[in-house]
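I opened the model to look up a few packing details. My notes follow the coordinates.

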Amino acid sequence: MLLLIPLLPFLGFVVNACLGRRLPKAISGAVACLAIIGAFAVSLSVAWPILMAGADAHPVEQTVFMWLPSGELQVPFKLRVDQLASLMILVVTGIGSLIHIYSVGYMHEERDSEYARYFSYLNLFAAFMLVLVLGASFPVMFVGWEGVGLCSYLLIGFWFHKPSAADAGKKAFVVNRVGDFGFILGMLLIFTTFGTLDFQEVAAAAAARASEGAAMGVMTIATLLLFLGATGKSAQIPLHIWLPDAMEGPTPVSALIHAATMVTAGVYMIGRNAVLFEHAPLTLSVVAGIGVATAFMAGTIGLVQNDIKRVLAYSTVSQLGYMFVAMGVGAFSAGIFHLYTHAFFKALLFLGSGAVIHALAGEQDIRYMGGLKKYLPITYWTFMIGALAIAGIPALSGFFSKDEILYRAFVGTPYHRGSAIVWGIGVVTSLLTAIYMFRLVFLTFHGERRAAPAAAHGHGDHAAHAGHGGSGHDPHHGEPHEAPPSMAVPLIVLAIGSMVAGYVGVPQAIGGRNWIEHFLEPSFEAHSTAGETAVAEPGATAILVAEPAQETPHEPADESTELTLMLVSSGVAVGGILIASFFWLRRSDAAARLAGQFGAAYRILLNKYYIDEIYNAAIVQPLKQLSTAGLWKGVDVGMIDGIVNGVGAIVRSLSGTLRQLQTGSIRTYAASLFFGAVVVVGWYLWT
Amino acid sequence: MVSLNHYLVLSGVLFAIGTAGVFLRRNLITVLLSVEIMLNAVNLMFVAVGRYRGTVDGQIITFFVMTVAAAEAAVGLALVIALFRHRETLVPDAFTSLKW
């Protein structure tokens, strides 16, 4: 049963990849959508009993076959659904289904074969993502991990005839390899330490050990390596640079892969190995530090970007930073909760931006938008809901999850103490989030309609939606048109999702019961079934540290703190929106003046802190120099070719001398023969 | 009384004459004749030593040498004729084209 979940999209991929060229759009689109919707139905039937049973549910497992039987290393291809995975497969297949349906409308101007190629990639992505989520051990997860990376590459470079798209795909792939290198090393270290790669067994073995404290123990190193993998996949500092460029891909891809699902794989992976990370407080601090730094940095960059999708991309990076903060302070369920709500509103925002781009025939620059409210009412209102949700306005989904993270960051968890600094930066970031999101909303939908200057047309950026620019029968110039039903329906569904998704985690402080936290808790604990085989370390204190506190009791003081924090962040969200409305709605010249006043800071932000340039100067160029001057011109041409050619030259000059001996004169030969014989005979006679 | 040494000395002298002939003569036929002299010097030594040791081995190998010498003379003279037809000369130094 579990196997069906990734298998259905995979079959969809096979059909579209093999027959897609010959299939009309209606059929290839329908195959892809049915495959993912089928997977959603199966996921629902699998996840339903778990959702009903809540924290008491037992994981469902299926061993498909023995994958790597090799001595000590026994890796079955095993799938497992527990509370965490059940939530994730619903997000992946549910949002995936909506985005597949949306794509039917969004991509309809592509040629038949391109259309089928697009859907085959999308299905393949879903299949790999589900393997990643369902995998019960590191190697199975790694298959999905690499597979989604591949699909991400293929889809970013979907319009591969455009150099910027092809480059962005390559960049994403290469940057991800850096992270994967950490993931593999971490995986190997875990195998050599614990002798197993199954998540449950690793968790049980880790639980039996003492927490490593501030020491650089083997678990700290392993988790740091795994976290390097997570930074690559989830676009955190220092490997965040690929995600904004990934926006070269089609917009539904940005929504599905680069916002809702794939980029959260790093967060999911940490959640999956929560027990391991709990035992490495140093890693947790690093995770939280990187998370908060990324959240803040991406938020500031998001303030000044002009490409609608890039703003959303930086907002994704920023929100992923929040999730890592949650993971880092040990509030794993809060991180997964934010992942889950974020999937809704970020997919919504991306699909909304896709509808805008679609309506404007490929225009992505928000400076040339404006006043779209009356042309695109559905897009406007759904986008507005998404923006309110991500800004953290109370009663929408983003509010609950973000507050949970900020609260946990402030008061701490059994695994990590709280930090006012992390909380403070988090709040500032949430202010930035509200500002840049509403800058986007106001510049896109409000005010006057601003057309692009004539010169800008035909420029690379604007031809992004290539199908529009290229096709002759272009009905889109002139009046922007509202999205077709296949695009509007997913927008509406996601908008509803963005409103209500948060109600699974209403905090206790305001009368909820935070269902999701209790639901997810078993996934972050070691299970006793496997735990009995693990050898307990001597020393009872060790085990005491390892045992996570079951329930954090809600003291009244705690509740008042939480309420205060909640008020602060709600106020910050509203304040952000007001600031945005002041700058970009009422006094549109004020923003430009401010940018002029702080020219240096503005330029730094506009150029994304010059990180791409720094990497180029510090890594790419030296590597290129080393390769060109050192390895190519020096080692290959100089040494290796030199040795080969040198041997040839020596033999040649030597033989040039020696061949003079062959004179052709018989008498010379006879003389040398004779004297040779005399010498040999003489040798024997005289010694 | 003729001792073994006499034979050996005679054989050595003949061999030296043959060798000198090979090196010094400027006619290929004479060179071939000198080679024959060298061969016969060796034959003489074989027979003498064989008699000295009281075995027939020396005589047997001499027959082999004579057979080979006959064949060699036949082939050698044929080559000489062929060379002469080619170059109108029999000076060995004229035939040096078989080189690098």
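Entry 1, the core. I noted that this is a predicted model. I looked up the largest nonpolar core and found 216 residues in it. A:Phe125, A:Leu130, A:Val325 and A:Ala347 have the most contacts inside this core. I then checked which helix gives the most to it: α15 of chain A, residues 332-359, with 18 residues.

Entry 2, A:Phe125. Leaving out residues up to four places away in sequence, I listed what A:Phe125 touches: A:Val148, A:Cys151, A:Leu155 and A:Ile257.

I took residues 138-156 of chain A, a helix of 19 residues. From first C-alpha to last, α5(A) reaches 26 Å, close to the expected 27 Å. I also checked burial, and 14 of the 19 residues of α5(A) are buried, leaving the helix mostly covered.

I computed the packing of α17(A), residues 397-411, on α18(A), residues 420-445: the angle is about 155 degrees and the axes are 7 Å apart. An angle over 145 degrees counts as roughly antiparallel, so α17(A) is roughly antiparallel to α18(A). On the α17(A) side I listed A:Lys402, A:Leu406, A:Ala409 and A:Phe410. The α18(A) side includes A:Trp423, A:Gly426 and A:Val427. By class, the residues of this contact are seven nonpolar, two polar and one charged.

I looked up the contact between the chains and found ten residues of chain A against eleven of chain B. The chain A side has four nonpolar, four polar and two charged residues.

Technical notes:
Residues numbered from 1 in each chain as written. Chains lettered and ligands numbered in written order. Predicted model: local features only at pLDDT ≥ 70, side-chain atom pairs only at ≥ 80, totals over all residues. Axes fitted to C-alpha atoms, helices over the stretch in contact; angles between N-to-C directions. Helix = DSSP H or I, 4+ residues; strand = E, 2+ residues; numbered from the N terminus. Parallel < 35°, antiparallel > 145°, perpendicular 65-115°, else oblique. Contact = placed C-beta atoms within 7 Å. Nonpolar A, V, L, I, M, F, W, Y, C, P; charged D, E, K, R; others polar. Core = buried A, V, L, I, M, F, W, Y, C linked by C-beta atoms within 7 Å. Buried ≥ 20, exposed ≤ 12 C-beta atoms within 10 Å, placed from the backbone. Expected span 1.5 Å × (residues − 1).
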